[in-house]
Amino acid sequence: MTQPAAGHLRHLLDLEHLSASQLDALLRRAQTFADGAHAPAALTGVAVCTLFFEPSTRTRLSFQLAAQRLGAHILNFDASTSSATKGETDLDTFRTLQAMGVRGFVVRHKSDGAVAALAAAANPGVALLNAGDGRSHHPTQGLLDMLTLRQAKGEDFSKLKVVIVGDVKHSRVARSDLHVLRKLGCGEIRVCGPASLLPDDDTLHGCIVSHDFDSALEGVDALMMLRLQRERMAEGLVTSLEDYHRDYGLTETRLRRAAPDAIVMHPGPMNRGVEITDAVADGPQSRVLAQVANGVAVRMAALEGLLA
Ligand code: CP
């Protein structure tokens with residue numbers, strides 16, 4: 001998030017550049033929305049566009065619902081039915097919508113840095129919220145994951161043990177979660193996956209890295225399972241779905257290695273029977289649907305913070 005003087009937030013592009021107090025303020029406001037607070041006129045007369053160049057269910061629809069609850073006008077841009085199919089550039093698309101008076105852009109793009117590039121072309125008073133770019137950032141997913149953790153484990157993360165499991169290398173969710181877990185002082189961050197799916201840059205600094213899922217699970221308070229991106233099989237990074245499930249699939253038996261009150265999170269969409277079994281995904285320790293519900297609250301807080 002870039003931040004002009006006076007502490008007002010201009011854009012939400014990543015979580016790296018937010019201070020712990022800014023993160024805390026957003027999470028506190030999101031919790032009030034999760035508890036049922038209303039702000040039906042906060043964005044009256046403000047036009048918000050969901051500008052998605054990649055598919056989405058949760059992020060797009062929860063941003064739309066969040067904007068509606070704040071009283072905004074919502075426009076939904078779908079690249080597949082737009083003039084992008086005739087060759088219009090992303091920048092011309094953005095400028096066209098800006099010229100219509102759209103003030104809030106929620107943008108998802110397959111390319112790293114694409115949302116920041118559009119933000120650099122934003123007019124004064126126009127705010128962009130990154131809904132996921134490439135493998136880089138998914139800031140509102142990071143925030144909703146932290147809200148879910150706080151609700152289950154309290155605000156003091158200093159004694160928490162969290163494990164992130166799976167395809168961290170290609171995951172913008174994992175990167176945003178890692179930034180925010182560090183900033184909020186998480187006691188121990190473990191990362192587990194096959195070597196082919198773990199990054200070899202400084203993404204994992206300060207983390208305990210393991211390729212053995214059973215040992216990485218011992219005593220953890222929270223598990224963040226990641227979607228196995230099946231296209232990685234075509235690239236030869238995973239041998240087979242069966243092998244992956246055997247080595248990194250979360251089953252009820254494996255979950256017993258975690259703390260008895262451990263929670264299970266997954267950003268969705270889930271590959272049931274691959275990274276997680278039905279029994280765990282739908283079991284008593286799963287917080288998957290709480291994450292979805294918290295997505296609306298977090299996105300209300302973010303839209304209000306940037307545009308109200
Ligand atoms: N978690 C997440 O970003 O889901 P969608 O791709 O459905 O938005």
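This is a predicted model: local features need pLDDT of at least 70, side-chain atom pairs count only at pLDDT 80 or more; totals for chains, interfaces and linings use all residues.
A pocket, as used here, is an open set of grid points with protein on both sides within 12 Å along at least five of seven lines, and its lining residues have an atom within 4 Å of a point.

**The largest pocket**

- Lining this pocket are 24 residues, and those closest to its centre are Glu 54, Arg 108, Arg 172, Arg 227 and Pro 269.
- Helix H2 (58-69), helix H6 (172-183) and helix H8 (231-234) are the elements that each give two or more residues to the lining.
- Sorted by class, the lining of the largest pocket has ten polar, nine charged and five nonpolar residues.
- Domain 1 (20-138 + 293-307) and domain 2 (139-289) each contribute at least three residues to the lining of the largest pocket.

**The second largest pocket**

- Look for Phe 33, Gly 36, Ala 37, His 38, Ala 39 and Pro 40 in the lining of this pocket.
- Leu 65, Arg 69, Ala 293, Val 296, Ala 297 and Met 300 also line the second largest pocket.
- At least two residues of this lining come from H2, and at least two from helix H12 (288-307).
- H12 provides the largest share of the lining, with four residues.
- The classes here are nine nonpolar, two polar and one charged.

Technical notes. Residues are numbered from 1 along each chain as its sequence is written. Side-chain values use heavy atoms; hydrogens and water are left out. On a 1 Å grid over the protein atoms alone, a cavity is a set of points where a 1.4 Å probe fits but cannot get out, and a pocket is an open set with protein on both sides within 12 Å along at least five of seven lines; lining residues have an atom within 4 Å of a point. Ala, Val, Leu, Ile, Met, Phe, Trp, Tyr, Cys and Pro count as nonpolar, Asp, Glu, Lys and Arg as charged, and the others, Gly among them, as polar. Domain bounds come from an automatic or database domain assignment.
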